Amino acid sequence: MSKEEMIDERYQLVTGRIREIPREESVPEPFREYFRKTAGFIGLTAQVLEKMLNGWAEIAAKKELKDWNDRLYEDILPANYGTSYGNPAYAVSVLGEEYGQLLSFLYTEIRGLIVYAYEKRKWDFTVAAELFAEIYNMFQDEIPKAETLRETLYWYVSDYSDEMAAYRVRESLDPSLSFARDIIMEEDLRDDRYLYLFGEYISDNICQVSAFLNTLSQEEIDAMASTYTEGYRIGFLTTGKDIKKKKTVNIRFQLGFERMIRAAVLQFEKMGLQPVIYRAASHAVNKRQHLRIGYYGAVPNKQYDYDHRGDAALYLDQEFVQRKLRVMQVAYEKMKELAAVHGGPAVVEVFGEEPFVPMPCPQAMQLSKAQHKLQVTYDSEAGQITNRYIKGEERSFTIIAYPVPEIGEDFPDIFRETVKINTLDYKLYQQIQQRIIDALDTGDRVHIKGLGDNQTDLIIALHPLADPERQTNFENCVADVNIPVGEVFTSPRLKGTQGILHVSRVYLNELCYRDLKITFQDGRITDYTCKNFDTEEENKKYIFENVLFHHDTLPMGEFAIGTNTAAYVMARKYGIEGKLPILIAEKMGPHFAVGDTCYSWAEDTPVYNPDGKEIVARDNEVSILRREDIAKAYLGCHTDITIPYDELEAVAVITSEGEETAVIRDGRFVLPGTEELNRPFEGGIHIDKNYKS
C-alpha cells in the first residue's frame, strides 16, 4: 500500500467515525454539546476537502463559494464569539477551568482544517481529525483526568512537530509549493469569485479592495507594483549585496491586492526571482502569538487571535524546544540550496481597519515565567539557525503599505494620496536628509523633548567617529527597503542613552497603547507602563508580552528622525493618524526601536551612504556580544515607537563642548537646508517622476 493510500484509508476511517458523533449520547454532559458542535465543523470541512479533490474550485459559482466561506467562519465572528468554544472564557464557563482551556485549544487547532481542505492537504487534515476522535473516545462513558487530556494534546503537538515545523521551513523557501501563486496568476482577477478559493475569511473589506484595484488601469497597477519591486531591488543595490545570487523572493500580503501582486510577480521574474508565497501559520506549533506572518485574508476576530496567543503554554518545555530546533536544523539542511538563493521578504501591509483594543481574558492560557524564558531561548536559537542558511549579509527586504476601504468614505482619495507618498522625490529627500546627518555627526548626543503633556525627555548617545571625513553615524534612508521615503537612523550607543519616552497613543503590531511610557537607563528599559487597563499589573503584562516579547529588558536598538511631513499632513487631513501602520508612522517624527539594531545579523557588512561615508554605528553593546556568545546578541524583535510632530518641542544635537543645534523646534524643521520639509504643511508635495532611475 502506498503512502497516499494509507493516508486515504486513515482519512476515511476517522471522518466516517466523526460523522457519527452528532447522533451519539455516550459522552456525559456538559461535554456532549462541545463534541457534537466540533464534530459538525469537521464534517463541514471534510465536505470542502472532498469537493476540492473533485474539482469544485473550477466549477463552483461565486455564491456557493461565499456561502461556504460564511459557514466555515461564522462561529468565531464577534457576533457569535460569546458562545463559541473558541472563546476560552465561554469554554471555561461551560466546561470548567482546566477542561475549558484544553478543549478550547483543541477547537482552535481543529479550525486549521479549513486551510488543509482548500489546499487538499489530506495528511494534515487526517492527523488533526484523529486527535479529535481520540479525545472524544476518552470522554465516552466517563470523564478523563484533565492531566491525561493535557498529555494527549502535548504529545500530538510534539510528535507531529517533525512534519509540521519541517513543512513550514519548506513553505518559506520552495517556489514549487504554488497554491497561492496559481490562483494569483491563473484566475480571472476581475471576478472576485477567485478570492474564495484561498480558504481565508473573505470580508466585504477584502472584496472592496479587489473591486477598487479593478477600477485602476493596468498602467497604474504596474506603477504600484514597480514602486514595490524596485524598492526591493534598490535595497540590494544600496547595501552592496548581489541580487543576482538570489532566485526567490517571499511575497507577503493581505488578500484583495492580487492584481498588484500579479504585476509584481512578473516584474520579479524579470529580475530572475521566483515568488514564494506562503500562508500565515495554521498549526499551533508554527504560530507566533497573535501575529500573522505570510499571506492572509480578513481577520475574522482579532480578540479570538489575541485570546489564543498564549496557547504554547500547553506544550512549551525544554524537551519541546530542543526537538523543534533539531527539526528546524534538519529541515534547513535538507533545503540548504534553496535557502542559499532566497532573497528575503517583500511585504505589502495594509492600514485603515478599525483599531483593535484587546480585552483581557483571564481564562486564556498564559505562559509561565519559565516558559517566557524558554520562548526567548527558542527565538534566539531559531534566529541563529535561519541566519546560517539565509545569511543576513546577503539578504534584503522591502515593505510598502496601502489603505483598505474600512478607513472610511475618503478611501479612494486616501489610496491615491498614499500612492503619491510612496513615490515622493527620493533624490530631494536624500539631499535634505544629508544636511540633517551632517549636523548630527557634529555631536556626541541628541536631546529629544516632548511638548505640552508629552513627558518625553531623552538623551541619545552617539558613537564616536574616528574619522569624520569618511565615517558617519546615520544612514540616509530613502525609498528602498522601507517605503515611503524618508528617515535618518542610527544604532545608539547604549551607555549614556537615558530618560523617558512617552507617547499619548500609538499602535504597535496592530495593538493600541494609551499613554505608553518607557524609561531607559544606559540604553536599556528599566520601567514601563500604559493606561490601557484598570490595573498596573495588567498594563505591565500587556507591554511585557507584546513589546518586550517576554524579555526582562530590551535595549534601544534604533534612534531615527522621520522626515515625511507629507504623510503627516495627509494623516491629519483625513483624521487617520491612529490607523497608520508603523511603516508610515515612523517617518512622521523621531522614533525609537526597542530590540535588535537595524543591522541585526549583518553588522560586519560595510554600509555606505550616497556621499561615500561608511555608516559605522552598526553595533551596540548588546549586538557586539555575538563575538563572545551569539545567544546574548540577538533578541528576535524590533519595535518602532514614534513621537508625532505635534507632541514634539525639540530635537537637538549637542556637541561634546555643550553647543546645541536644533533640528526640529515646535514640530517644524529649523535646520538650515531643511525648509522644504515644512512645505507639505503649506500644501506642497514632491512626486518622483523618475523612480526607476
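What follows are my entries on helix packing and then on the sheets.

**Entry: a word on the model**

I am working from a predicted model, and I kept that in mind throughout.

**Entry: α2 against α8**

I began with helix α2, residues 32-53, and its packing on α8. I found an angle of about 160 degrees and axes 12 Å apart. Angles over 145 degrees count as roughly antiparallel, so I noted α2 and α8 as roughly antiparallel to each other. Their crossing is left-handed. From α2 the contact takes F35, T38, A39, I42, T45, A46, L49 and L53, and from α8 it takes K122, F125, F132, I135, Y136 and F139. Sorted by class, I have 11 nonpolar, 2 polar and 1 charged residues in the contact of α2 with α8.

**Entry: α8 against α9**

Next I followed α8 (residues 122-139) to helix α9 (residues 146-171). Here the angle is about 165 degrees, and the axes are 11 Å apart. The two helices α8 and α9 are therefore roughly antiparallel to each other. I logged the crossing of α8 and α9 as right-handed. On the α8 side I listed W123, V127, A128, E130, L131, E134, I135, M138 and F139. On the α9 side I listed T148, L149, T152, L153, Y156, Y160, E163 and M164. The class count for α8 with α9 is 12 nonpolar, 2 polar and 3 charged residues.

I also cross-checked two names: I135 and F139 of α8 are in the contact with α9, and I135 and F139 of α8 are also in the contact with α2.

**Entry: α9 against α15**

How far apart are the axes of α9 and α15? I read 8 Å, with a packing angle of about 25 degrees; α15 covers residues 318-334. That makes α9 roughly parallel to α15. The crossing of α9 and α15 is right-handed. In α9 I found Y154, W155, V157, S158, D159, S161, D162, A165, A166 and V169, and they meet E319, F320, R323, K324, V327, M328, A331 and Y332 in α15. By class, the contact of α9 with α15 comes to 11 nonpolar, 2 polar and 5 charged residues.

**Entry: the parallel sheet**

The bridge partner of N250 is P345 in β3.

**Entry: the antiparallel sheet**

A second open sheet has 5 strands in the order β8-β9-β13-β14-β16, with antiparallel pairing. Its edge strands are β8 (475-477) and β16 (638-642), and each pairs on one side only. I noted an average twist of 25 degrees from one strand to the next.

The bridge partner of I561 is P590 in β14. Helix α19 (residues 426-440) packs on the sheet and touches β8, β9 (487-490) and β13. The direction of α19 makes about 155 degrees with that of β8.

**Entry: two hairpins**

Strand β10 (residues 493-508) is joined to β11 (residues 511-521) by 9 bridges, and the two run antiparallel. R505 stands opposite R514 in β11. β10 and β11 form a hairpin with 2 residues between them, and N509 in the turn has a positive phi of about 50 degrees.

From β11 I went on to β12 (residues 524-529): the two run antiparallel, joined by 5 bridges. F520 has I525 in β12 as its bridge partner. β11 and β12 also form a hairpin with 2 residues between them, and D522 in the turn has a positive phi of about 50 degrees.

Terms used:
Residues numbered from 1 in each chain as written. Predicted model: local features only at pLDDT ≥ 70, side-chain atom pairs only at ≥ 80, totals over all residues. Heavy atoms only, no water. Axes fitted to C-alpha atoms, helices over the stretch in contact; angles between N-to-C directions. Helix = DSSP H or I, 4+ residues; strand = E, 2+ residues; numbered from the N terminus. Parallel < 35°, antiparallel > 145°, perpendicular 65-115°, else oblique. Left-handed = near helix turned anticlockwise from the far one by under 90°. Contact = heavy atoms within 4.5 Å. Nonpolar A, V, L, I, M, F, W, Y, C, P; charged D, E, K, R; others polar. Pairing = 2+ DSSP bridges.
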